[in-house]
Amino acid sequence: MKQDMIVILDLGSEQNTVVARAVRALGVYSEIYPHDITVEALRALPGVKGIVVNGGPNNVVDGETITVADAVYAAGYPVLAVDHPAAKTDHKLDAWPASEEEMKALLRPFVFETCGAEANWNMTNFIADQVERVRAQVGDKKVLLALSGGVDSSVVAALLLKAIGSNLTCVHVNHGLLRKGEPEQVVEVFRNQMNANLIYVDASDRFLGKLAGVKDPEQKRKIIGAEFIRVFEEEARKLEGIDFLAQGTIYPDIVESGTKTAKMVKSHHNVGGLPEDMQFELVEPLYQLFKDEVRACGLALGLPDEMVFRQPFPGPGLGVRCLGAITRERLEAVRESDAILREEFRLAGLDKKVWQYFTIVPDFQSVGVRDNARCFEYPVIIRAVNTVDAMTASIEPLDWSVLQKITNRIIHEVKGVNRVCYDLTPKPTGTIEWE
Ligand code: XMP
């Protein structure tokens with residue numbers, strides 16, 4: 001499919017992804033490339049209509065000022081340079097405007113009039129294009145996917161089902177630390193509604209056995225991560241004729257692991273850790289998308305809202321919210337109180353407003369009164385935070401009546417809980433999770 005593209009050249013600006021998203025919001029596809037891309041590499045990219053040289057004060061790497069090669073300016077593409085006085089183009093700007101809307105307004109004439117790009121980037125075209133690409137890559141071979149039920153892996157599953165149907169096998173590992181109703185939803189949506197080959201592995205006992213008595217949060221994380229790979233590998237070995245492994249890699253993962261200028265480089269996340277003798281070729285159909293585009297893609301593929309607009313959920317799941325050494329009793333208290341919190345947030349319209357909200361159960365008890373008698377039970381702590389990048393976070397100022405309703409439900413419906421507290425700590429100093 002013909003698709004126009006605006007290339008953004010990375011000179012260390014923190015706004016590269018903001019610019020790419022602003023161009024895509026105009027309906028034109030956009031990708032970020034290193035400042036030293038060669039003219040040959042640029043010409044080899046499909047559909048390039050213009051270039052944005054995205055400058056700024058960060059264009060010094062290892063003591064050297066980086067620039068774009070003269071040949072790129074002379075290659076015949078329209079170039080808009082922002083905050084980069086050295087640029088050899090007539091289209092120059094000192095700085096981007098402050099809001100995202102203003103940036104779009106500024107880009108509009110450059111993208112459509114100067115570059116003559118067409119607004120042909122949309123989800124229908126994206127899905128049609130990816131279905132074609134996956135079919136061309138995979139042919140009639142088989143693909144394996146670790147389906148956690150998170151947004152990215154769920155959208156990959158839906159897209160691959162459309163492209164290759166029964167040649168996709170999904171493995172859903174229930175480590176016993178998922179939220180109430182989650183494993184059931186994965187089975188219902190993918191096996192029952194979408195007809196996927198889904199292997200459901202209930203490994204709860206195995207994970208809880210490995211975690212028994214382990215108090216240290218990092219140790220808990222390591223055990224959960226390593227055991228997850230082991231279970232997935234065991235399932236993969238039982239299958240025959242798998243050549244491909246699908247992953248929910250998205251565009252920020254590519255940008256963050258591939259930039260030459262970024263100060264903080266995050267390693268490209270993947271299933272990782274699979275043994276050397278299990279060599280799969282990767283299928284990564286979402287690698288071009290930002291998170292909001294992944295959600296739009298999921299909706300267009302017919303996934304339910306709760307799955308597509310799911311709040312972030314850590315890999316170790318409720319395991320890091322059941323503080324200290326995990327017990328089944330406290331794990332159930334976390335799961336049940338979390339389910340109440342989620343339901344009440346949905347009823348109060350807070351589920352679409354608050355970035356992340358959950359409950360925590362510490363490993364100590366306090367004295368209380370229940371049915372006219374002394375009781376000694378666990379507290380539940382509520383956390384509800386807003387953030388842009390999870391590096392810092394602020395507290396959602398919850399309505400008193402909402403907090404009271406949630407508290408009443410938790411102390412009456414969750415076994416072994418006699419107190420509810422609301423954590424008012426921003427990040428920093430408190431991290432979002434308690435472990
Ligand atoms: P913190 O607690 O570091 O959390 O402020 C920031 C964001 O990261 C999530 N988080 C994790 N996600 N594995 C994950 O996949 C982990 O071990 C993990 N620890 C924290 C947390 O839920 C929040 O969104």
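**Helix pairs in the predicted model**

Tutor: Helix H1, residues 16-25, and helix H4, residues 100-114, have axes that come within 9 Å and cross at roughly 65°. This crossing of H1 and H4 is right-handed. From H1, the residues in contact are Val18, Val19, Ala22, Val23 and Ala25, and they meet Glu100, Met103, Lys104 and Leu107 of H4. Sorted by class, the contact of H1 with H4 has seven nonpolar residues, no polar residues and two charged residues.

A further pair is formed by helix H5 (residues 123-138) and helix H6 (residues 151-164), whose axes come within 9 Å and cross at roughly 65°. H5 and H6 likewise cross in a right-handed sense. On the H5 side the contact is made by Phe126, Ile127, Gln130, Val131, Val134, Arg135 and Val138, while H6 supplies Leu159, Leu160, Lys162, Ala163 and Ile164. Nine of the residues in the contact of H5 with H6 are nonpolar, one is polar and two are charged.

The pair H13 and H14 comes next. Helix H13 spans residues 328-347 and helix H14 residues 400-413; their axes come within 10 Å and cross at roughly 150°. With angles over 145° counted as roughly antiparallel, H13 and H14 are therefore roughly antiparallel to each other. H13 passes H14 in a right-handed crossing. The residues that H13 brings to this contact are Ser337, Ile340, Leu341, Glu343, Glu344, Phe345 and Leu347, and those of H14 are Lys405, Ile406, Arg409, Ile410 and Glu413. In the contact of H13 with H14, six residues are nonpolar, one is polar and five are charged.

The chain has a mean pLDDT of 93, and 95% of its residues reach 70 or more. Over residues 263-271, however, the pLDDT is below 50, and this stretch has 22 contacts in the model beyond near neighbours in sequence. Where pLDDT is low, the predicted coordinates should not be read in detail.

Methods: Residues numbered from 1 in each chain as written. Predicted model: local features only at pLDDT ≥ 70, side-chain atom pairs only at ≥ 80, totals over all residues. Heavy atoms only, no water. Axes fitted to C-alpha atoms, helices over the stretch in contact; angles between N-to-C directions. Helix = DSSP H or I, 4+ residues; strand = E, 2+ residues; numbered from the N terminus. Parallel < 35°, antiparallel > 145°, perpendicular 65-115°, else oblique. Left-handed = near helix turned anticlockwise from the far one by under 90°. Contact = heavy atoms within 4.5 Å. Nonpolar A, V, L, I, M, F, W, Y, C, P; charged D, E, K, R; others polar. pLDDT = per-residue confidence, 0-100.
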